[in-house]
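Biologist: Before we turn to the rings and their surroundings, could you show me the model and tell me where it comes from?

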Amino acid sequence: IADDSAIVLPGSGVNLKHHLYQDYPKDGVIKFLFIARLLKDKGTDEFFEMANAIKDKYPQTEFQILGWVEGDYQQKLDELISKGVVKHLGATTDVRPYLAQVHCTIMPSYHEGMSNVNLESAANGRPVITTNVPGCRETVDDGVTGYLVEPRSAMSLTDAVERFIQLPYDDKRKMGQEGRRKVEREFDRQIVVNAYLKAIENV
(Lines give C-alpha, C1' and ligand atoms only; values in the text may rest on other atoms or scores of the structure.)
Protein backbone atom coordinates (compact mmCIF):
# COMPACT_ATOMS: atom_id res chain seq x y z
CA ILE A 1 0.00 0.00 0.00
CA ALA A 2 1.54 3.26 -1.15
CA ASP A 3 2.10 6.03 1.34
CA ASP A 4 2.44 9.75 0.62
CA SER A 5 6.04 9.34 -0.50
CA ALA A 6 5.15 7.05 -3.44
CA ILE A 7 5.15 8.37 -6.99
CA VAL A 8 4.25 6.79 -10.33
CA LEU A 9 6.98 6.84 -12.96
CA PRO A 10 6.37 6.74 -16.75
CA GLY A 11 8.04 3.36 -17.28
CA SER A 12 11.74 3.63 -18.00
CA GLY A 13 11.24 6.71 -20.17
CA VAL A 14 12.90 7.52 -23.49
CA ASN A 15 16.43 8.75 -24.06
CA LEU A 16 15.59 11.89 -26.04
CA LYS A 17 19.25 12.53 -26.83
CA HIS A 18 19.37 9.18 -28.63
CA HIS A 19 15.90 9.33 -30.14
CA LEU A 20 15.84 12.69 -31.85
CA TYR A 21 13.01 14.17 -33.89
CA GLN A 22 13.45 13.16 -37.53
CA ASP A 23 12.06 15.13 -40.48
CA TYR A 24 8.77 13.70 -41.71
CA PRO A 25 8.99 11.72 -44.96
CA LYS A 26 7.75 13.34 -48.14
CA ASP A 27 4.24 12.75 -49.44
CA GLY A 28 3.60 9.85 -51.79
CA VAL A 29 3.41 6.18 -50.87
CA ILE A 30 2.19 6.12 -47.25
CA LYS A 31 4.44 3.79 -45.27
CA PHE A 32 3.46 2.04 -42.04
CA LEU A 33 5.81 0.12 -39.73
CA PHE A 34 4.97 -2.70 -37.32
CA ILE A 35 7.85 -3.20 -34.87
CA ALA A 36 7.41 -6.39 -32.86
CA ARG A 37 8.11 -10.07 -32.67
CA LEU A 38 5.44 -11.79 -34.71
CA LEU A 39 3.40 -13.21 -31.86
CA LYS A 40 -0.36 -13.47 -31.45
CA ASP A 41 -0.40 -11.18 -28.39
CA LYS A 42 1.31 -8.43 -30.40
CA GLY A 43 -1.75 -8.27 -32.65
CA THR A 44 -0.08 -9.98 -35.60
CA ASP A 45 -3.33 -11.53 -36.87
CA GLU A 46 -5.09 -8.18 -36.78
CA PHE A 47 -2.17 -6.48 -38.50
CA PHE A 48 -2.15 -9.05 -41.29
CA GLU A 49 -5.90 -8.79 -41.82
CA MET A 50 -5.80 -5.00 -41.83
CA ALA A 51 -2.85 -4.83 -44.24
CA ASN A 52 -4.57 -7.19 -46.64
CA ALA A 53 -7.76 -5.08 -46.64
CA ILE A 54 -6.05 -1.68 -46.87
CA LYS A 55 -3.54 -2.69 -49.55
CA ASP A 56 -6.38 -3.91 -51.72
CA LYS A 57 -8.26 -0.60 -51.37
CA TYR A 58 -5.24 1.75 -51.24
CA PRO A 59 -2.43 0.42 -53.47
CA GLN A 60 -0.29 3.49 -52.66
CA THR A 61 0.47 2.17 -49.19
CA GLU A 62 3.30 0.08 -47.83
CA PHE A 63 3.24 -2.12 -44.72
CA GLN A 64 6.63 -2.97 -43.23
CA ILE A 65 7.43 -5.43 -40.45
CA LEU A 66 10.53 -5.16 -38.29
CA GLY A 67 11.09 -8.05 -35.90
CA TRP A 68 11.68 -11.76 -35.46
CA VAL A 69 9.17 -14.26 -36.79
CA GLU A 70 7.93 -16.54 -34.01
CA GLY A 71 5.18 -19.10 -33.59
CA ASP A 72 3.39 -20.27 -36.73
CA TYR A 73 3.51 -17.03 -38.69
CA GLN A 74 6.25 -17.76 -41.25
CA GLN A 75 3.92 -19.38 -43.78
CA LYS A 76 1.34 -16.57 -43.57
CA LEU A 77 4.10 -13.97 -43.72
CA ASP A 78 5.59 -15.56 -46.84
CA GLU A 79 2.16 -15.60 -48.45
CA LEU A 80 1.57 -11.90 -47.79
CA ILE A 81 5.06 -11.01 -48.99
CA SER A 82 4.50 -12.92 -52.25
CA LYS A 83 1.23 -11.00 -52.76
CA GLY A 84 3.01 -7.68 -52.17
CA VAL A 85 0.93 -6.90 -49.09
CA VAL A 86 3.79 -6.58 -46.59
CA LYS A 87 7.57 -6.28 -46.52
CA HIS A 88 9.66 -8.01 -43.86
CA LEU A 89 12.78 -6.05 -42.91
CA GLY A 90 14.26 -8.61 -40.53
CA ALA A 91 15.32 -7.55 -37.05
CA THR A 92 17.53 -4.74 -35.76
CA THR A 93 19.06 -3.23 -32.64
CA ASP A 94 18.46 0.33 -33.88
CA VAL A 95 14.99 1.31 -35.04
CA ARG A 96 15.84 4.92 -35.89
CA PRO A 97 16.81 4.47 -39.58
CA TYR A 98 13.59 2.54 -40.16
CA LEU A 99 11.43 5.10 -38.39
CA ALA A 100 12.96 7.81 -40.57
CA GLN A 101 11.42 6.22 -43.67
CA VAL A 102 7.82 5.76 -42.52
CA HIS A 103 4.79 7.95 -41.92
CA CYS A 104 3.23 6.04 -39.01
CA THR A 105 3.87 3.07 -36.73
CA ILE A 106 1.30 0.45 -35.74
CA MET A 107 1.25 -1.47 -32.46
CA PRO A 108 -1.96 -3.57 -32.13
CA SER A 109 -0.76 -5.36 -28.98
CA TYR A 110 -3.18 -7.04 -26.54
CA HIS A 111 -1.13 -5.93 -23.51
CA GLU A 112 2.13 -4.13 -22.70
CA GLY A 113 4.02 -2.97 -19.64
CA MET A 114 4.79 0.41 -21.22
CA SER A 115 5.30 0.27 -24.97
CA ASN A 116 8.82 1.44 -25.72
CA VAL A 117 8.07 0.98 -29.43
CA ASN A 118 5.31 3.58 -29.21
CA LEU A 119 7.40 5.98 -27.15
CA GLU A 120 10.42 5.71 -29.43
CA SER A 121 8.21 6.15 -32.50
CA ALA A 122 6.70 9.32 -31.04
CA ALA A 123 10.12 10.59 -29.98
CA ASN A 124 11.22 10.31 -33.61
CA GLY A 125 8.18 12.30 -34.67
CA ARG A 126 6.01 9.49 -35.97
CA PRO A 127 2.26 9.18 -35.33
CA VAL A 128 1.25 5.96 -33.58
CA ILE A 129 -1.79 3.74 -34.06
CA THR A 130 -2.10 1.45 -31.06
CA THR A 131 -4.59 -0.39 -28.89
CA ASN A 132 -6.62 1.10 -26.07
CA VAL A 133 -5.04 -1.11 -23.39
CA PRO A 134 -2.80 -0.32 -20.40
CA GLY A 135 0.77 0.26 -21.49
CA CYS A 136 -0.31 1.50 -24.91
CA ARG A 137 -3.11 3.99 -24.28
CA GLU A 138 -0.85 6.17 -22.12
CA THR A 139 1.51 6.72 -25.07
CA VAL A 140 -1.05 8.27 -27.44
CA ASP A 141 -3.43 11.22 -27.25
CA ASP A 142 -6.23 9.91 -29.44
CA GLY A 143 -6.71 12.03 -32.54
CA VAL A 144 -3.76 14.26 -31.62
CA THR A 145 -0.61 12.11 -31.70
CA GLY A 146 -2.19 9.06 -33.31
CA TYR A 147 -5.21 6.81 -32.86
CA LEU A 148 -6.35 4.32 -30.24
CA VAL A 149 -8.16 1.19 -31.47
CA GLU A 150 -9.95 -1.68 -29.82
CA PRO A 151 -7.73 -4.69 -29.04
CA ARG A 152 -8.28 -7.92 -31.00
CA SER A 153 -10.29 -6.01 -33.62
CA ALA A 154 -8.98 -5.96 -37.18
CA MET A 155 -11.98 -3.82 -38.13
CA SER A 156 -11.15 -1.13 -35.59
CA LEU A 157 -7.50 -1.17 -36.69
CA THR A 158 -8.47 -0.97 -40.37
CA ASP A 159 -10.77 1.98 -39.71
CA ALA A 160 -8.00 3.88 -37.91
CA VAL A 161 -5.44 3.21 -40.65
CA GLU A 162 -7.94 4.38 -43.27
CA ARG A 163 -8.59 7.56 -41.28
CA PHE A 164 -4.86 8.21 -41.15
CA ILE A 165 -4.47 7.65 -44.88
CA GLN A 166 -7.20 10.19 -45.59
CA LEU A 167 -5.62 12.90 -43.45
CA PRO A 168 -3.95 15.77 -45.34
CA TYR A 169 -0.17 15.46 -45.41
CA ASP A 170 0.37 18.43 -43.07
CA ASP A 171 -2.00 16.91 -40.50
CA LYS A 172 -0.04 13.66 -40.55
CA ARG A 173 3.18 15.55 -39.97
CA LYS A 174 1.60 17.61 -37.19
CA MET A 175 0.54 14.38 -35.43
CA GLY A 176 4.18 13.33 -35.36
CA GLN A 177 5.27 16.69 -34.02
CA GLU A 178 2.65 16.53 -31.28
CA GLY A 179 3.85 13.03 -30.42
CA ARG A 180 7.38 14.33 -29.92
CA ARG A 181 6.08 17.09 -27.64
CA LYS A 182 4.08 14.59 -25.60
CA VAL A 183 7.15 12.43 -25.04
CA GLU A 184 9.19 15.45 -24.05
CA ARG A 185 6.53 16.45 -21.50
CA GLU A 186 5.69 13.06 -20.05
CA PHE A 187 8.25 10.39 -20.91
CA ASP A 188 11.70 11.98 -20.99
CA ARG A 189 14.05 9.48 -19.32
CA GLN A 190 15.57 12.33 -17.35
CA ILE A 191 12.27 12.61 -15.46
CA VAL A 192 12.77 9.02 -14.28
CA VAL A 193 16.45 9.51 -13.46
CA ASN A 194 15.72 12.66 -11.46
CA ALA A 195 12.98 10.88 -9.49
CA TYR A 196 15.38 8.07 -8.54
CA LEU A 197 18.10 10.56 -7.56
CA LYS A 198 15.66 12.47 -5.40
CA ALA A 199 14.51 9.25 -3.71
CA ILE A 200 18.12 8.27 -3.00
CA GLU A 201 18.85 11.68 -1.49
CA ASN A 202 15.90 11.27 0.85
CA VAL A 203 16.96 7.87 2.17
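Modeller: Buried here means under 20% relative accessible area, whereas exposed means over 50%. Please keep in mind that this is a predicted model.

Biologist: With that cut-off, is Phe48 buried or exposed?

Modeller: The ring of Phe48 pairs with that of Phe47 in a tilted arrangement, 6.4 Å centre to centre with 55° between the planes. Because the relative accessible area of Phe48 is 3%, and the cut-off is under 20%, Phe48 is buried.

Biologist: What is the angle between the planes of Phe32 and Phe164?

Modeller: A search of the whole structure finds seven aromatic pairs. One of them joins Phe32 and Phe164, whose ring centres lie 5.7 Å apart. Since planes over 60 degrees apart count as edge-to-face, this pair is edge-to-face, and the angle between its planes is 65°.

Biologist: Which residue lies over the face of Phe164?

Modeller: Ring pairs link Phe164 into a cluster whose members include Phe34, Phe63 and Tyr73. A charge counts as sitting over a ring within 6 Å of its centre, and here the distance from the ring centre is 5.6 Å. The residue over the face of Phe164 is Lys172.

Definitions and conventions
Residues are numbered from 1 along each chain as its sequence is written. This is a predicted model: local features need pLDDT of at least 70, side-chain atom pairs count only at pLDDT 80 or more; totals for chains, interfaces and linings use all residues. Side-chain values use heavy atoms; hydrogens and water are left out. Rings of Phe, Tyr and Trp (its six-membered ring) pair if their centres lie within 6.5 Å; planes under 30 degrees apart count as stacked, over 60 as edge-to-face and the rest as tilted. Buried means under 20% relative accessible area, exposed over 50%, partly exposed in between (1.4 Å probe, protein chains only). A charge sits over a ring if NZ of Lys or CZ of Arg is within 6 Å of the ring centre and within 35 degrees of the ring normal.
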